[in-house]
Amino acid sequence: MHERGPEAVEVKLSVNGVTQVLNIEPRVSLLDALRERMDLMGTKKGCNQGACGACTVHVDGRRVLSCLTLAISCEGREVTTIEGLANGALHPVQQAFMRNDAFQCGYCTPGQIMSAVALLEEGHTADDAEIREWMSGNLCRCAAYPNIRQAIREVRDATV
């Protein structure tokens with residue numbers, strides 16, 4: 001096996017359908033690669049410890065905390081950020097968040113939306129208790145939780 005590091009190495013990432021080659025140290029988090037190297041500022045740095053969910057993105061369709069994920073571990077995988085969620089028009093979850101005022105300050109919103117999209121795809125939307133449980137890794141200091149759940153229910157009910 002060929003070792004890489006500790007010095008900077010070439011890392012090829014596919015983010016939002018675009019492949020980019022970065023020269024980064026193997027210890028660089030996916031969050032820092034997205035924000036500091038690719039100028040994708042939608043993914044937020046909250047706690048930087050995996051406790052708040054503000055940095056949630058999708059890797060191969062599964063939600064991950066980008067602050068706890070090494071960028072190098074995403075080679076050969078597809079990363080989707082909040083910027084890549086919509087293709088020309090807002091994603092239905094983004095639209096529902098706007099209609100239901102599911103944000104206040106907006107800082108946690110990208111992570112909330114990315115988790116909500118995954119939650120809907122995973123089918124964890126039977127009732128408010130299940131939605132609350134499966135969204136529990138995403139914190140909102142403004143306490144917009146009732147509106148977030150309403151937005152998720154709206155999308156769930158529209159796709160049934």
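This report describes the overall fold, the sheet and the helix packing of a predicted model.

## Basis of the description

Because the model is predicted, local features need pLDDT of at least 70 and side-chain atom pairs count only at pLDDT 80 or more, whereas totals for chains, interfaces and linings use all residues. Residues are numbered from 1 along each chain as its sequence is written, and side-chain values use heavy atoms, with hydrogens and water left out.

## Overall fold

The protein contains 6 helices and 5 strands, where helices (H or I, at least four residues) and strands (E, at least two) are DSSP runs numbered from the N terminus. Along the sequence these elements follow the pattern β-β-α-β-β-β-α-α-α-α-α.

The radius of gyration, taken over C-alpha atoms, is 16 Å, which agrees with the value near 15 Å that a compact globule of 160 residues would have; the globule rule is 2.2 Å times the number of residues to the power 0.38. Along the principal axes, the C-alpha atoms fill a box of roughly 50 × 30 × 25 Å.

## The sheet

An open sheet of mixed pairing is formed by 5 strands in the order β2-β1-β5-β3-β4, two strands being paired if DSSP finds at least two bridges between them. β2 (18–24) and β4 (62–65) stand at the edges with a single partner strand each, so one side of each is left without a neighbour in the sheet. From one strand to the next, the twist averages 40 degrees.

Strand β1 (residues 9–15) pairs with β2 in the antiparallel sense over 7 bridges, and Val9 stands opposite Ile24 in β2.

## Helices across the sheet

Helix α1 (residues 30–37) lies across β1, β2, β3 (56–59) and β5 (78–80), and runs at about 100 degrees to β2; contact here means heavy atoms within 4.5 Å. Helix α4 lies across β3, β4 and β5, and runs at about 45 degrees to β3. Axes are lines fitted to C-alpha atoms, for helices over the stretch in contact, and angles run from 0 to 180 degrees between N-to-C directions.

## Packing of α3 and α4

Helix α3 (residues 92–99) packs with helix α4 (residues 109–122) at an angle of about 125 degrees, their axes being 9 Å apart. That makes α3 oblique to α4, since angles under 35 degrees count as roughly parallel, over 145 as roughly antiparallel, 65 to 115 as roughly perpendicular and the rest as oblique.

In this contact Val93, Gln94 and Phe97 of α3 meet Thr109, Gln112, Ile113, Ala116, Val117 and Leu120 of α4.
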